[in-house]
Amino acid sequence: MMTRTSRTSSLLAITLVLVSGCGRDSAAPSDEAGSNGGSGGAPSTGAGGAAGPGGAPAGPGGAPAGSGGAGAASAASASGGSSGASGGSPSEPRPTVTAAPGTELVRVDTSVVHQSFEGWGTSLCWWADHVGGWQEAKRNAVVEAVVDPVNGLGYNVFRYNIGGGENPSHEHMKEHREMPGFQSADGTFTWANDARQRAILLRIAERGADLIFEAFSNSPPYWMTNSGCASGSSDGKDNLKADHYDDFAHYLTEVVRHYRDEHGITFRTLEPLNEPFADWWKSNGSQEGCHFDRASQEKIIQEVAKQLTSKGLGETAVSASDENSMDDAVRNIGAFGAGTLAALQQLNVHSYAGSQRRELRQLATRLGKRLWQSESGPLGQNISDDTDAALFMAERIIDDLRDLKPEAWVDWQSGDPSRSWASFTLNDREQSFAPIKRFYMHAGFSRYIRPGARFVDVDSEDMVAAVSAGGGSLSLVVRNGDRSASRGYTLDLTRLRAVGPAAEVHRTSRTEDLERLPDMAIEDYRLVVTVPAFSVTTFVIPMP
């Protein structure tokens with residue numbers, strides 16, 4: 001069984017992520033679907049826990065755990081790979097770093113600090129409703145793969161879906177997308193409902209670390225809606241009945257109170273909306289959804305905040321508004337009145353669509369609100385296979401972290417029938433799971449950029465870099481999206497306080513599943529690397 005080893009170190013490590021090659025994405029609203037080409041060779045696991053990441057995993061604190069694994073890193077220091085360490089304070093004279101022949105010069109600057117990071121996560125619907133029906137030991141193995149920071153994904157942010165509950169007289173939603181609700185039309189609550197998602201949530205609470213829980217809603221209960229259907233209205237417009245705003249807020253806040261009092265789960269935030277400005281939420285759809293015009297959004301936000309306060313749920317604040325498009329978020333939140341803005345603490349957005357990442361970051365900063373990228377995936381993309389999905393999402397993550405600068409990055413699905421949306425496949429007959437390429441790609445970020453890290457400046461749009469919470473290391477993630485050509489970089493580390501003699505290296509590609517590769521020598525604050533075509537490479541640089 002996987003352990004929850006904390007990554008501590010006496011060294012300062014910086015994590016840097018590089019991405020290159022792919023064009024920018026465009027996302028059109030559609031049902032979550034994608035190609036299911038396999039990567040061939042993803043390890044399968046059952047009740048015993050998640051399989052290891054192909055090669056030997058890094059030890060706690062980023063210490064090398066051996067140089068095993070397929071292949072070798074293509075890298076050399078300026079002096080041919082000597083291992084002399086660079087040290088000293090930034091005030092001491094530093095060498096002038098120039099690009100090695102055939103490489104691009106990239107500077108990492110830890111004096112320019114961006115967002116502090118709360119962590120990585122996933123929504124629980126719909127995969128938790130799926131896995132939550134398995135035998136206890138086998139569903140627990142999936143949870144370990146999600147929360148373990150050494151051999152798993154190391155996620156610590158989880159979004160629990162408060163299901164609206166659909167009209168039992170008609171069936172039209174896809175399997176596991178019809179989330180059970182708790183309240184019937186006569187006002188009574190049935191707390192035994194939603195046992196499968198709850199089983200996963202409670203296991204996460206037992207096994208995870210640095211946990212942050214958010215509760216969110218996709219739709220009010222069907223009997224509160226105009227259409228009598230939890231997937232939307234007949235015309236894609238507002239579906240919550242005008243006289244049920246207080247009832248809907250009561251429903252959501254009662255669920256929050258129940259989980260606090262009965263299960264010891266405190267939701268830090270409660271989000272009453274999901275892609276509310278979209279007009280595709282219509283009755284008889286495949287999943288829950290509900291449109292809210294801007295004025296309706298403001299009304300429910302204020303009502304939920306009022307009831308959280310009146311019920312003594314002060315430890316839970318309102319978040320909003322989880323728009324599908326970042327551009328819609330800028331327009332709508334930017335037009336919210338002062339009362340609405342005072343009622344919410346956190347801005348949530350999905351990075352499926354839109355281009356105004358920087359504008360939304362500026363808005364959140366001006367308003368003094370925490371900002372999450374709360375849902376993403378390859379919506380509307382033509383994904384050819386597992387590696388294509390992994391490299392697409394790596395670019396999405398880097399774009400989000402660099403321009404949106406969220407305090408948390410949350411995936412939509414960890415397990416999904418569509419492989420391009422999933423980090424692992426789910427086998428109901430055997431009640432087992434198997435990591436696929438997206439699992440290893442995500443782990444290349446989430447194992448090495450941990451909660452409390454601070455993102456710092458790196459002047460390549462294909463990379464992100466973060467200093468660990470304890471200041472002992474810098475993690476750099478590099479994506480090369482070119483399908484045929486490798487790319488060379490000379491990393492200028494002269495703006496770091498100090499650097500150790502060598503960088504730890506992990507890579508995911510068509511032939512590698514987060515393989516642990518030989519360390520790369522650093523000399524005179526210069527690290528020269530070559531990253532192969534269509535790969536994601538993580539470098540962990542010690543800062544003693």
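The protein exposes about 18,200 Å² of surface, and carbon and sulfur atoms supply 46% of that area. The model from which these values are computed is a predicted one. Of the 544 residues in the protein, 61% are buried. The secondary structure comprises ten helices and 21 strands. Among contacts between residues at least 6 apart in sequence, 80% join residues at least 24 apart.

## Helix packing

| Helix pair | Axis separation | Crossing angle |
|---|---|---|
| α2 (residues 136-147) and α3 (residues 195-207) | 10 Å | about 55 degrees |
| α4 (residues 245-263) and α5 (residues 294-310) | 9 Å | about 50 degrees |
| α6 (residues 326-334) and α8 (residues 357-367) | within 9 Å | roughly 30 degrees |

Helices α2 and α3 pack at an angle of about 55 degrees. That angle makes α2 oblique to α3. The crossing of α2 past α3 is right-handed. On the α2 side the contact involves R139, N140, V143, E144 and V147, which meet A199, I200, R203, I204 and R207 of α3. By class, this contact has five nonpolar, one polar and four charged residues.

The pair formed by α4 and α5 packs at about 50 degrees, with the axes 9 Å apart. The two helices are therefore oblique to each other. Their crossing is right-handed. Helix α4 contributes Y245, D246, F248, A249, H250, L252 and T253, while α5 contributes S296, K299, I300, E303, V304, Q307 and L308. These residues divide into seven nonpolar, four polar and three charged.

For α6 and α8, the axes cross at roughly 30 degrees. Angles under 35 degrees count as roughly parallel, and α6 and α8 are therefore roughly parallel to each other. Helix α6 passes α8 in a left-handed crossing. In α6, the residues M326, A329, V330, I333 and G334 meet R357, E359, L360, L363 and L367 of α8. The contact of α6 with α8 is made up of seven nonpolar, one polar and two charged residues.

Helix α10 spans residues 437-446 and is mostly covered, with ten of its ten residues buried.

Where in the chain is Y155 found? Y155 belongs to the loop between α2 and β5, the latter covering residues 157-161. Y155 has a relative accessible area of 2%. Residues under 20% count as buried, and Y155 is therefore buried. Leaving aside residues up to four places away in sequence, Y155 touches W120, G121, T122, V146, V147, S414, H442 and S446. The C-alpha atoms of Y155 and G208 lie 8.0 Å apart, although the two residues are separated by 53 residues in sequence.

## Backbone features

Most residues other than glycine have a negative phi, and most peptide bonds are trans. Several sites in the model depart from this pattern, as follows.

A cis peptide bond joins C125 and W126, with omega about 10 degrees. W126 lies in the loop between β4 (119-123) and α1 (127-131). A cis bond also runs from A320 to S321, where omega is near 0 degrees. S321 is placed in strand β8, which covers residues 317-325.

Positive phi values occur at N284 and D524. N284, which is not a glycine, has a phi of about 65 degrees. The position of N284 is in the loop between β7 (269-271) and α5. D524, likewise not a glycine, has a positive phi of about 55 degrees. This aspartate lies in the loop between β19 (515-521) and β20 (526-531). With a relative accessible area of 48%, D524 is partly exposed.

Definitions and conventions
Residues numbered from 1 in each chain as written. Predicted model: local features only at pLDDT ≥ 70, side-chain atom pairs only at ≥ 80, totals over all residues. Heavy atoms only, no water. Axes fitted to C-alpha atoms, helices over the stretch in contact; angles between N-to-C directions. Helix = DSSP H or I, 4+ residues; strand = E, 2+ residues; numbered from the N terminus. Parallel < 35°, antiparallel > 145°, perpendicular 65-115°, else oblique. Left-handed = near helix turned anticlockwise from the far one by under 90°. Contact = heavy atoms within 4.5 Å. Nonpolar A, V, L, I, M, F, W, Y, C, P; charged D, E, K, R; others polar. Buried < 20%, exposed > 50% of the residue type's maximum accessible area, 1.4 Å probe, protein only. Areas by Shrake-Rupley, 256 points an atom, 1.4 Å probe, with all protein chains shown as cover.
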